[in-house]
Structure formats: structure tokens, C-alpha cells
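Visitor: I'm new to reading protein structures. Could you walk me through this one, a feature at a time?

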Amino acid sequence: MSIETVASRYAHALLEIGVETNSLQPITEQMAELAKAYQTSAELRAVISNPLVSLADREAVLTDICAKMGVLPVVKNTLRMLVQRKRMAILPAMSRSLRKLADEHAKVVRAEVSSAKALSDDYVRRLQSEIEKLTGRKVLLERKVDPALIAGVVTRVGDLVIDGSLRTRLVDLKAQLLSS
Amino acid sequence: MQLRAEEISQIIKKQIQNFDKAALVTETGTVLSVGDGIARVYGLQGVMTSELVEFPGELFGMVLNLEQDNVGVAIFGEATHVKEGDTVKRTGRIADVPVGEALVGRVVNALGQPIDGKGPIDTPHRRRIEIKAPGIIQRQSVKEPLQTGLKAIDSLIPIGRGQRELIIGDRQTGKTAVAVDTIINQKGQDVYCFYVAIGQKQSTVAQVVDKLTHHGAMEYTTVVVASASELAPLQFIAPYSGCTMGEYFRDSGRHALCIYDDLSKQAVAYRQLSLLLRRPPGREAFPGDVFYLHSRLLERAAKISERWFVVKKGVTIPKGDVTFRGADGEMHVGPYAKQEAVEGGWKLADAEGFKAWEAAKGDDKKKLEKDLDKKLEGSDFVIERDPFSGGSLTALPVIETQAGDVSAYIPTNVISITDGQMFLEADLFYSGQRPALNVGISVSRVGGNAQIKAMKQIAGSLRIDLAQYREMAAFAQFASDLDAATRKQLDRGARLTEILKQGQYVPLAIEKQIAIIFAGTQGFLDPFPVSSLSRYEKEMYDYIDAQDKGIWEDIRTRKALDDDLRGRLKKLLTEFGKKFVPETKD
Ligand SMILES: Nc1ncnc2c1ncn2[C@@H]1O[C@H](COP(=O)(O)OP(=O)(O)OP(=O)(O)O)[C@@H](O)[C@H]1O
Ligand SMILES: [Mg+2]
């Protein structure tokens, strides 16, 4: 089975636990943080998935990390299970999958708006309500400032990118002029 | 194409006027992992299989695997700068290549981009590389010959336009040579040739291009190259690209020839891709759909049926429009299309006469036909063919075997898909029998219908003589003394085998082939030693050129060997036989 398939099964299980115990949001966030830590720290990966380190030692490391990050017991248990079953590699995919499932469950979509300069709150509010109208879901809007866009706004909703930036148009114009 | 300065400013002006269009909406995804020319991408919802997607840095890839929450993409280029988290954009375009007359004489890569330094390819047409093969209604059986110019092939395993004939053999047995000679022989035959080189060394391909140029064959040839140094995805799509370029001519009523040299290497490239995409491996680690890989490519070779219409004088048929109907409300297709269209014309020109003709029998019918023909001529209806119908695409795939093993996976697959195969054998090649064709196990399953009649008449006895020779030669090895009849058979066979030898780059016109094979099967060569026959052949052609040049034209146009032609040939050969001096053995 591919990593994605396995990961999505674990994610489904966690989703159900989260819904039942009414703690879906913290679980999702904590899993994401752990996944990030796992991905960014080569040291952590080297220890956690290393068969030469005894299982007890590895669990001790995990316990310490979990204590430091203050995660829920269910998240800690999930990690211990992954370590025991030698499935740590699926952690990033699992976190991604869980986030998607959780978003679907809560009927929210994530959107991101980038602009060359910071946008006014009023504009962002209007944009948010437009996207909510478009998707029929609640929108979690993240803002970003990217001077390279020159002017205009790029909005990303899920996979969809609505690009109204000057940079993209200039690039397009260049391509069209070169081809004709 | 040169642009003048004001044209450029015109273009820029127009672009600027349209500048403030709506924002660009694209669907995107994120790279999860990348390696070995394969990227796994998360997102890209709604992406289609074989759609092109764009990576940062104007790098393109083709979607191959659609999985539950990620897609597998084969990258068409250097992917070292692509990293995890990069954005991938949908283009909405299925992989396509430029097609059209502008490609003739060019050398391009698998994406149709020129690599011969002769500037951009100026064509308005593009076509998808994966197109469904024509259906049974659109097809007709093979009927016109595609002459290879090689005696052994044109006589014993003739190829027809629209056929798929496999060239199979070990490495270095002259497979490419057969293909190249066939291309050279298409000069002046209105056949557009496409040589697709897959997984070959650049130097080998350069040699082929050189040879084609030297023999004037690049005037009607396109070379598509995905060399050994290129990425597996490009080697995988190259045959489809070449085929698509050929189909443009097939679908506009012309003739095309595609050579895929070779499909073993394409299968290997596809296996690499499939394994990296984690598709389950099967026999010889090839994926389960490797049969379909080749069958869908080779099915696109076809002879397109002719479409005939009855139309009012002055009406031009919309080219290639299959929804068009003639004045009788019909589109006539298939082998009898022309006759049907004529009958449709008769009916319109003279309904009563047509009824009488339908009822009539025998000689009456013939007479009425003549009357109706006149009526049709006098009426304002004419019979016309859609100029975009009746085209063909012939495919000559090449497969390399290991130590002559044709029962390996890929060879058996391709043998079962094609309409016949030419087996080239290393033993024959090294013993000097070149082309190293094993005529015993090579076949052409449909080309016989396309062979010109004169060749058909003499090929029968050639085939029988050779078969008997093979059988006896095996026995004769052990026999010390042979009876006269056997001896004669062996001598005849040795001579026939000898005249089937042919050098490279010297394809022979069909009428000359007929002359030499006629000489062989009729015993005109029996008095001469085998070693003198190559000289005999050359001098014989010169002799006939000098004595009765018209006979070449007659064989070609009359197509069949009638008594007159046989008589003339026999006379010429007898006279030449008297003059010819074989070298004296010393
Ligand atoms: N009819 C012929 N007469 C003389 N030499 C020939 C003939 N056909 C091929 N050769 C020579 O034999 C060699 C191998 O031919 P060719 O490259 O066509 O074989 P191939 O089967 O395509 O080889 P590869 O497996 O490397 O692709 C070449 O050097 C070629 O010049
Ligand atoms: Mg070759």
C-alpha cells in the first residue's frame, strides 16, 4: 500500500476520535506541529526511526518531546503506535490528510491572499465574504505580503489560484510577444 | 519569419489594449516529492491524465498517475531545481506536438521542438499525441504497395500502405538499414516518412540523418529523436509524437510511413517510468499495460477508406467533413464507394433508366450502363472523391531481440499486434547474406493484396524453390553423392539466395527486381557460378537499358507479366546470357 493510503486510514481514525472527544481542532494542530518538527529535524528522524536505538529509548525521547509540546494523550499514543509499528514516515502525509478531513468536517476552506503591500482590513473582510459566497463554506483567510508581485492580489482557495498580480500579467505579456 | 518594426508595435499595442482582462484563474498543486524525473504532486484537483502541468522555471511535465490524493507526474526536462513545496500549475492542455508540412525535412525532439538549428517550426497546427485509432468504418483493407526497394522483401514479404510490419532481430543485424533503405526508396512516391529514433546513441542518429540527407531523402522525411541520453518520459512519448505527425498526412488524404526504431527501448523507458510510479510490475518487470502501450500505437497505422460523393457541378466538397452528404443524400465509403456513387449519380441523372438497369441482366445491363454513363455526363451532377480521404499510415516498428529469442515478452507482444514480421538473423548476417532476412519464418499477412501482379506471378515459384532448397540443404550436408535432380535444386536455390543479397542505400525499382528474379526462377542463372551473379545483375540491367529500355516502363505500367513481356524478357536474358563472361576460375 502506498504511504498516502496508509496515512489516510490513520487520519480517519484520528478524525473519529477527535469528533467523539470534541477535540478535533487541538489534535489536528498538534499533529501538524509534530509533523513539522519531524520533517525539519534530521536529528529527530535519525533517532525515532532508527532500529539500532532500543524501542524504550525511542519512546523516552517521544515522551520528552510530547511533554515539552504539551500534546494531548491521544496524540502521544498515536505517535507511540507509529513508532512501534515502524510507520513514522507517514507522519507528514497523515497530518496533511487529517487537516483535509478536519476542514471538510468543519465545513471550512483555507484561503491565502498575497499582495505586494499590506491590504486594508476592510478589503480583506470583503474578499472573505466573496470567497464564502463562492464556496458556500467558512473561510480561514491567511494574509501574506510579497513585494515581488509588484501590484495586485493573488488569492488561493484550496487548489484554485486567482491571480490578478501585475507580475503574472507581465510574464504573460512577455510570453505572448515572444511567441507572436 | 521576419517581423517589421511597425508590426511589432502593432502587436504590442493590441496586447496592451487587452491587458486589463480578468484575473488569471489556475488550479495548482504542491510538490510532495521529486526524484528520477518523477514528481508526486498534492492537489491539482480536476487534472486530466496526460495533461501537461507547469513547474517553476518553465518546466513541463505530463500527468501519468491519478491517485486518491496525489498525482504522479513525469517531468520533461532537467528537474534538479524542483523541490518539495513548489507550486505546480495546471495548463488544461493535453500533451501535443506541432504537425503539418513545416515539419518535413526537420529533425525534432519528442515534443516537436526543432533540434537541427534550422529555426522555429512555422505551423499553425497542433495535435494531441494520444489520439484514438480510426474505427472500422473509416478503414479499408490494404491495397496499394509500399515498395521497400529490397528484393527479398518486395518479392517475398510485400508491404502495403497502411500495414504494420515488424522488423525484428538481434543487435547489429541490419534492422535500421532495412528501415533507412525503405525511406530512401520512397523518393517521388508521395509518401511522407517519419523516422523515430528511441534510445539510440546521438552519433548513430546523426549518421542516419546524414545518409538520408545524402540520398535526398530528407526532402520528404522528418526525424524524431529521443536519444539514449534523454529522459525516460521523452523516450516513452516519442513514438506517439511521430505517429501524430504522420497522422496529419494520413487524415488529409496523403500517405505516410512511420518507423519506430526501436520499440524495445521504448518499452524499457516505460518500464522505468512505471516502476518509479510504483505501478505493479509483471512479467520481466514490465507493467501490466505494456501490451496496450504498443497496441494503441500500432493501431493508428491504417488505410483510410475513400469517400465518394455525387454533387452538383461546381459544388466543392468540404475537405475531410464526415457529416457532409452528397446530392443523393449519401456518403459512399468502402471498397465499392466509387461504384456506389456512380450508381447514385445515374439515379439522379435518369431515374427511369436506373430502374431499367436495376431490372436488366447480362448484356442488356452493360448496354444500359453505357447509356446511363452518358446521361450522367450530360447532367449537372458529377462524382467526386473527398480529397482528404483514402490516405494511409504505414508502420514499421523495430524490435531488438536477445540471442534470437522471439518468445520474450515484448517481441511476442509486438509480433501478435503487427500484420507480419521480417526476421533478421545474426547467423545469416555474418555469413554474408545481407539483408539477413530469414525468408522461411518472415511473413506479411496482408501485403499480398497490395503486391503488383507481375511480382506476385514470379514470387510464387521463388518461394517454393527457396523452401525446397532449405529443406534439401539441411540433408545435403550429410549426403556424399546426390542425384542430378537434387543437385539441380540445390544449385538453383544457391543462386536464388545469392540474388536476394543487396547492398545498403541501393534500393531497386520493382521492374528491375522482377527481371532478376525472373531470370533466377526461369533458370537463366543456372549456367553461371554463384560468385559472378552480383556482376551479372549489374551488367544485365545495363544490357536491357541499352537494348530495350521501354520494357521497364511496360512492366511497371502493365503491372502483370503477360506473354508479350515474358517473351521479351526471355529473349533479352538469353541474348545477355550468351554475352556474359563469368570470371574464369584459376
Ligand atoms: N545490406 C547490407 N549490406 C552491407 N552491410 C550492411 C547491410 N545492412 C546493414 N549493414 C551494416 O551492418 C551494420 C549494422 O546495421 P544496422 O545498424 O542497420 O543494424 P541494427 O540491427 O539496426 O543495429 P543496432 O542493433 O545497433 O540498432 C552496419 O554497419 C551496416 O552498415
Ligand atoms: Mg539500429
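Guide: Let's begin with domains, whose bounds come from an automatic or database domain assignment. You're looking at a predicted model, where local features need pLDDT of at least 70 and side-chain atom pairs count only at pLDDT 80 or more, while totals for chains, interfaces and linings use all residues. Residues are numbered from 1 along each chain as its sequence is written, chains are lettered from A and ligands numbered from 1 in the order in which they are written, and side-chain values use heavy atoms, with hydrogens and water left out.

Visitor: Which domains does chain A have?

Guide: Domain 1 covers 3–104 and domain 2 covers 108–179. Taken over C-alpha atoms, their centres are 32 Å apart.

Visitor: How do I read pockets and cavities?

Guide: Rolling a probe the size of a water molecule over the atoms shows where empty space is left. On a 1 Å grid over the protein atoms alone, a cavity is a set of points where a 1.4 Å probe fits but cannot get out; a pocket is an open set with protein on both sides within 12 Å along at least five of seven lines; and lining residues have an atom within 4 Å of a point. Grid points are joined across faces, edges and corners, and a volume is the space filled by probe spheres set on the points.

Visitor: What lines the second largest pocket?

Guide: There are 47 lining residues, and those nearest the centre are Arg96(A), Gly158(A), Asp159(A), Thr30(B) and Tyr42(B). The volume of this pocket is about 1,600 Å³. Domain 1 and domain 2 of chain A each give at least three residues to the lining. Helices (H or I, at least four residues) and strands (E, at least two) are DSSP runs, numbered from the N terminus. Helix α6 (residues 91–106) of chain A supplies the largest share of this lining, seven residues.

Visitor: How many residues of each class are in that lining?

Guide: Ala, Val, Leu, Ile, Met, Phe, Trp, Tyr, Cys and Pro count as nonpolar, Asp, Glu, Lys and Arg as charged, and the others, Gly among them, as polar. This pocket has 17 nonpolar, 14 polar and 16 charged lining residues.

Visitor: And how many cavities of 30 Å³ or more are there?

Guide: Two. The largest holds about 60 Å³ of space, and its lining includes Pro145(B), Asp154(B) and Met455(B). By class, that's eight nonpolar, three polar and one charged. The second largest cavity has about 50 Å³, with Leu34(A), Tyr38(A) and Met88(A) among its lining residues. Helix α2(A) gives the most to that lining, three residues. The class count there is ten nonpolar, no polar and no charged.

Visitor: What does chain B look like overall?

Guide: Chain B has 18 helices and 20 strands, and its C-alpha trace spans about 90 × 75 × 50 Å along its principal axes. Buried means under 20% relative accessible area, exposed over 50%, partly exposed in between (1.4 Å probe, protein chains only). Of the 586 residues of chain B, 51% count as buried.

Visitor: Why does Gly37(B) count as buried?

Guide: Because its relative accessibility is 16%. Gly37(B) sits in the loop between β1 (24–35) and β2 (38–43) of chain B. Contact means heavy atoms within 4.5 Å. Leaving aside neighbours within four places in sequence, Gly37(B) is in contact with Val73(B), Ala74(B) and Ile75(B).
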